[in-house]
Amino acid sequence: MLYRGRDPFLEAADFRAEYYTLWTEFAKEEAHISRLKSQLAGETDLDKQGRIETPIPPSVAAGIADLETKQLKAELADHQDEKAHLSNAIEQEDRRISILTDTEAKEKEGAQAEAKDLDEMRQYFAKGVVPVMRLSEVRRLSVLSATQALQTTALLATVEREQGELKRKLRKTDGRWQIDLTRELQEARVRLETIRVRIQTVGEKLEYAGLVRSQLVRGRGGTPDVHVFRDQNQTRQSLSANEDTELLPGDVVEVALRMEGFAGGSQ
């Protein structure tokens with residue numbers, strides 16, 4: 001039988017290059033998955049559980065692992081820095097709230113005292129004991145104290161609201177971190193499975209190209225298996241045959257190539 005198609009030697013070389021490239025992509029995606037699993041667990045070393053050994057050179061595999069390890073540490077450090085920044089901001093707001101709470105209490109106490117003085121001053125003014133200027137001065141101080149107390153109360157409410165936003169952002173930081181990593185991990189696993197299927201397909205193509213190349217190199221050495229199916233006495237019989245077997249009308253011929261010698265030829 002004749003091989004119709006590309007040169008099997010060139011085709012085998014192309015398949016071998018694609019096969020190596022796919023295994024390199026497989027190793028990268030596998031290391032990527034290991035990094036994501038370590039990030040989810042908060043570990044600083046790559047998760048090597050369940051890893052598959054690849055046929056790429058050890059130096060290339062080590063380089064891929066080293067890059068993923070560096071990225072893992074950088075990602076964890078960045079996440080921790082963001083959480084630390086938010087925690088520090090929350091602590092600062094705690095201190096501000098404590099100061100404003102004390103200030104508010106003192107200012108309210110002062111405003112109440114000023115209001116009491118104003119009431120007394122009004123009584124004295126009604127009796128004609130104090131002049132109107134004195135009453136106006138006390139009234140102005142009372143209004144000022146009350147205004148300062150209200151401003152402090154409003155500022156305290158603003159700071160408490162800002163602190164609440166920071167706490168919510170801190171909770172969302174961890175939640176978003178988990179969600180994003182989980183989604184990325186799922187996508188990486190899909191890509192890994194896709195690469196695995198492509199590796200299997202290219203491997204089969206490489207195997208077939210190696211078989212054809214082996215047959216071409218051996219020439220006629222790869223003898224096919226020939227069987228003749230013939231009706232005799234109303235019974236169909238299978239007869240072993242070769243290329244010199246004489247055929248009769250009604251015979252059916254089956255020819256099959258053996259895979260002998262392929263393993264060495266496909267490497």
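Biologist: In what sense do strand 1 and strand 3 pair, and over how many bridges?

Modeller: Strands of a sheet pair through backbone hydrogen bonds, either parallel or antiparallel. Here strand 1 (residues 225–232) and strand 3 pair in the antiparallel sense, over 5 bridges. Pairing requires at least two bridges found by DSSP. Strands are DSSP runs of E, at least two residues; helices are runs of H or I, at least four; both are numbered from the N terminus. His-227 stands opposite Glu-254 in strand 3. This is a predicted model: local features need pLDDT of at least 70, side-chain atom pairs count only at pLDDT 80 or more, and totals for chains, interfaces and linings use all residues. Residues are numbered from 1 along each chain as its sequence is written, and side-chain values use heavy atoms, leaving out hydrogens and water.

Biologist: What is the strand order of the open sheet?

Modeller: The order is 2-1-3, with antiparallel pairing. Strand 2 (235–241) and strand 3 (252–256) are the edges, each pairing on one side only.

Biologist: How many salt bridges does a search of the whole structure find?

Modeller: A salt bridge puts a side-chain nitrogen of Lys or Arg within 4 Å of a carboxyl oxygen of Asp or Glu. The search finds 15. One of them joins Glu-25 and Arg-198, closest N and O atoms 3.9 Å apart. Glu-25 sits in helix 1 (residues 8–41) and Arg-198 in helix 3 (residues 132–218), 173 residues apart.

Biologist: Which residue meets Asp-180 in a salt bridge?

Modeller: Arg-183, at 3.1 Å, N to O.
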